Amino acid sequence: MAAANLGVVFQGAVTTNFNSDSSLQKSFLKTQKIGFCEPWARFSQLGLKSNTTLSRYQSIVCMSVPQAVAKAKVTVSPLDLEDVTEPPLNLHKPKEPYTATIVSVERLVGPKAPGETCHILIDHGGNVPYWEGQSYGVIPPGENPKKPGAPQNVRLYSIASTRYGDSFDGKTASLCVRRAVYYDPETGKEDPSKNGVCSNFLCDSKPGDKVKITGPSGKIMLLPEEDPNATHIMIATGTGVAPFRGYLRRMFMESVPTYKFNGLAWLFLGVANSDSLLYDDEFSKYLADYPDNFRFDRALSREQKNKNGGKMYVQDKIEEYSDEIFKMLDKGAHIYFCGLKGMMPGIQATLKRVAEERGESWDEKLSQLKKNKQWHVEVY
């Protein structure tokens with residue numbers, strides 16, 4: 001039997017298994033920076049479309065061993081982050097923000113994506129703990145143009161990592177940020193004076209730069225964990241996938257003794273085209289390793305057509321599976337929506353139409369879903 005390759009951690013308590021790789025089947029040790037060998041190699045860059053090293057915190061040694069461990073998960077610490085019974089809220093307020101440090105900024109999208117989206121890794125030193133589904137506030141440098149002498153307003157960003165962060169040690173958090181750029185409709189040229197202040201500050205940041213953060217905030221998108229066999233339907237457009245990345249890492253990547261997920265997670269992600277897909281390698285890995293527990297449907301508006309021949313939006317994908325979705329909701333499934341607020345009217349209209357076709361009142365159904373705490377919405 002060919003030898004498999006197993007990861008041994010020297011920093012950060014990470015363990016994983018590697019597929020057979022002839023280039024590594026030698027009797028020497030190979031050390032590299034967070035180069036998660038197969039099958040977690042694709043997680044080392046989190047589905048990023050760049051080759052820059054993500055983190056300076058961990059080194060992994062790869063070596064040949066006689067047998068592989070199937071679908072090993074990453075060991076996380078400190079586990080006392082699981083002991084807190086209530087989510088941390090507003091530990092750092094706008095008047096007294098915490099000064100964190102940028103670890104890395106990585107471009108997430110390919111060259112054909114409209115716009116730029118970045119994965120921002122922030123070191124908070126364990127001083128701004130959070131739960132999956134919460135948000136950080138970011139205060140960009142400079143003064144508020146509407147209040148001379150006052151700092152900039154806080155901008156909220158959904159956190160795109162679990163409470164253990166991308167370094168698995170509880171000291172980092174990740175943000176998924178799309179650079180907001182304004183183009184003059186008459187000239188077609190970029191007008192930097194109207195670009196998004198905070199998104200450009202974050203996307204232009206360099207390792208070592210300081211960033212003022214507040215929070216964490218938010219309860220509506222917290223992942224309910226009382227029932228590990230529950231169904232979670234996640235609907236995102238663009239950077240709205242951020243909290244769902246945190247959910248899925250907790251479900252499928254991390255070894256969390258207090259949460260053994262055995263239900264169904266179903267992600268719908270709407271973006272413009274294939275180059276715009278975010279964390280796609282990461283999600284595809286879950287799909288391959290956990291086909292009974294994870295489903296993933298992409299809606300690519302510029303590459304796919306809906307049943308009427310128009311552009312494929314996330315609500316069209318929902319309509320394709322509406323019968324299944326409604327049956328799941330009837331059985332207690334949670335449904336989450338995150339992304340631009342413009343996504344909701346189309347989705348609501350689709351759900352209302354489907355409900356009426358089923359002989360149900362959507363208003364009554366929605367009211368019941370909210371009452372049962374199955375309905376979770378965070379749009380911006």
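How much space lies in the second largest pocket? In this predicted model, about 560 Å³ of space lies in that pocket. Its lining is made of 22 residues, and Trp131, Leu222, Leu223, Pro224 and Glu226 are the closest to its centre. Sorted by class, these lining residues are 10 nonpolar, two polar and 10 charged.

The largest pocket has a volume of about 1000 Å³. Its lining counts 41 residues, with Arg178, Thr237, Gly238, Thr239 and Leu340 lying nearest the centre. Of the lining residues, 21 are nonpolar, 13 polar and seven charged. At least two lining residues come from each of β9 (155–158), β10 (172–178), α2 (197–203), β14 (264–271), α5 (314–320) and β17. The most come from β9, which gives four residues.

Strand β17 (residues 375–379) also holds Glu378. Glu378 is buried and has no salt bridge; Lys219, the nearest side chain of opposite charge, is 13 Å away. Beyond its neighbours within four places in sequence, Glu378 is in contact with Gly133, Ser135, Ser158, Ile220, Met221, Phe337, Cys338 and Gly339.

Side chains of opposite charge can pair when their charged atoms come close. The whole structure contains 24 salt bridges.

| Asp166 | Arg245 | 3.2 Å |

The salt bridge between Asp166 and Arg245 links distant parts of the chain, 79 residues apart: Asp166 is in the loop between β9 and β10, and Arg245 is in helix α3 (residues 242–253). Both Asp166 and Arg245 are buried.

Asp289 and Lys285 sit four residues apart in helix α4 (residues 280–289), about one turn of the helix. Asp289 counts as buried because its relative accessible area is 17%, under the 20% cut-off. Lys285 is also buried, with a relative accessible area of 4%.

Asp323 is partly exposed, with a relative accessible area of 41%, and Arg358 is partly exposed at 30%. Shared partners join Asp323, Lys327, Asp330, Arg358, Glu360 and Lys365 into one network of salt bridges.

Conventions: Residues are numbered from 1 along each chain as its sequence is written. This is a predicted model: local features need pLDDT of at least 70, side-chain atom pairs count only at pLDDT 80 or more; totals for chains, interfaces and linings use all residues. Side-chain values use heavy atoms; hydrogens and water are left out. Buried means under 20% relative accessible area, exposed over 50%, partly exposed in between (1.4 Å probe, protein chains only). Lys and Arg count as positive and Asp and Glu as negative; His and the chain ends are not counted. A salt bridge is a side-chain nitrogen of Lys or Arg within 4 Å of a carboxyl oxygen of Asp or Glu. Contact means heavy atoms within 4.5 Å. On a 1 Å grid over the protein atoms alone, a cavity is a set of points where a 1.4 Å probe fits but cannot get out, and a pocket is an open set with protein on both sides within 12 Å along at least five of seven lines; lining residues have an atom within 4 Å of a point. Grid points are joined across faces, edges and corners, and a volume is the space filled by probe spheres set on the points. Ala, Val, Leu, Ile, Met, Phe, Trp, Tyr, Cys and Pro count as nonpolar, Asp, Glu, Lys and Arg as charged, and the others, Gly among them, as polar.
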